[in-house]
Amino acid sequence: MTFYQELQLSSAGSKQLIHKTTTPKEKRRHILIYNFKVYLVMAFCVAVVSLFSKFLEPENSVVGVTVLLAILVLRQADFGIRTTHGLGVIVLLFAILMTGPRLANMLPPLAGFLVHLMIFGCHNVIMYNHSTFVLGYLLLTGYDVQGHAYLLRVIGLFVGMLLCMGIFYKNQKNRPYRRTFSDLFREFDLHSARSRWYLKLTFIVSSAMLFINLAGLPRAMWAGIACMSVCLPFTEDCIPRSVSRGMFNVVGCLLFIVLYLVLPKSMYPYIGMIGGIGVGYSAGYPWQTAFNTFGALSIAAGIFGMPAAVALRIGANVLGAAYTVICNKVADKVAEYMGTNKCAENLF
């Protein structure tokens, strides 16, 4: 395996390769490449986000995060349709990111809930890549801006859209798909487990954010992200995922508290970076969840104070995960009662 090929491996793939290697020299080489990859990715992420922050003002750093996530996904994955039609999907997705969060935040909670419903349900993303764009939408909703900052946000997202389109076309142009964009809508069927999953995801994420907003609590996006993460296509998979989500958010919060109390205030801005490095070394969902809390809490602690930020983080994630499991089970019972529950093989 070449140096470049090893750089393309996931954390789990790199760790597996290191574990399987018996030659000490080769093992050291794989370990060095793995460590180099973690810090290379971290440096790239910091550079992209910093670049967007510099030109779009610091409150729009979330645009850099959103574009970065989209690039990392679209350089490898497709939408299961013709590449030219996939370009149109990218335009649609970024148009949603430009307008949906601002519109939802301008309206009262119930009206904002209806906006989320329409937006989350307006596209059919193949290969489970919906999470990238839903996450970007939630981040943009949670870190909303107005006036000139919003204009800069739209410009930044437009530039990001062009970058994603270029990278997507370069890497996916030779895909021999015959399916078109319209086929995604023709394939929507309430008798299909896949279609019902889309509807469950749409309703659960939107309603969780509605309840948080009605309660007058900040950071509704945290509950939405927790629901999105736990709402998997198969309901039985949601339960262990929800346990991991809740448990390792608590672990992440505890680790954050230790860092917050031990480190000097001058180091607080780097806690998020420490979390990013931890995510790079994490091969599984649980520890990725734990280290992902660092960045969110480092920002929230400066706004609400550390104790309140930790309480909000744990509450939003634990309740959001539990709410998702309950909603999934209720939805499955309703589908079974209505006689629409077919075999899970219809999922794909």
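Figure 1. A search of the whole structure finds zero disulfides. A disulfide here is a pair of cysteine sulfur atoms within 2.5 Å. The model is predicted: local features need pLDDT of at least 70, side-chain atom pairs count only at pLDDT 80 or more, and totals for chains, interfaces and linings use all residues. Residues are numbered from 1 along each chain as its sequence is written, and side-chain values use heavy atoms, with hydrogens and water left out.

Figure 2. Which cysteine holds the sulfur closest to that of C227? It is C327, at 7.6 Å, too far for a bond. C227 is buried, at 0% relative accessibility. Buried means under 20% relative accessible area, exposed means over 50%, and partly exposed lies in between (1.4 Å probe, protein chains only). C164 is buried too, with a relative accessible area of 1%.

**Figure 3. The whole chain.** The chain has 15 helices and zero strands. Both are DSSP runs, numbered from the N terminus: helices are H or I with at least four residues, strands are E with at least two. The chain has 348 residues, and 46% of them count as buried. Take the contacts in the chain with a separation of 6 or more: residues 24 or more positions apart account for 74% of them. A contact means heavy atoms within 4.5 Å. The accessible surface comes to about 17,400 Å². Carbon and sulfur atoms hold 69% of that surface. The areas come from the Shrake-Rupley method with a 1.4 Å probe; for residues, only the protein chains shown count as cover.

**Figure 4. The salt bridge between D144 and R102.** How many salt bridges does a search of the whole structure find? The search finds one. D144 pairs with R102, and their closest N and O atoms are 2.5 Å apart. The pair links distant parts of the chain, 42 residues apart. D144 sits in the loop between α7 (130-142) and α8 (147-172), while R102 belongs to helix α5 (residues 83-106). A salt bridge is a side-chain nitrogen of Lys or Arg within 4 Å of a carboxyl oxygen of Asp or Glu. Side chains of opposite charge can pair when their charged atoms come close. D144 is partly exposed, at 26% relative accessible area. R102 counts as buried, at 13%.

**Figure 5. T293 in helix α14.** T293 lies in helix α14, residues 285-304. Is T293 buried or exposed? T293 is buried, with a relative accessible area of 0%. Leaving aside residues up to four places away in sequence, T293 touches N249, G252, C253 and R313.

Figure 6. Helix α2 spans residues 11-20, and S11, G13, S14 and I18 in it are buried. These residues lie on the same side of α2, because they cover an arc of only 165 degrees around the axis. The arc is that of the directions from the helix axis to the C-beta atoms. H19 and K20 are exposed on the other side of α2.

Figure 7. E57 has a phi near 80 degrees, a positive value in a residue other than glycine. Where is E57? It is in the loop between α3 (24-56) and α4 (61-74). E57 counts as partly exposed, at 29% relative accessibility. R219, also not glycine, has a positive phi near 60 degrees. R219 is in the loop between α10 (193-214) and α11 (220-230). At 13% relative accessibility, R219 is buried.
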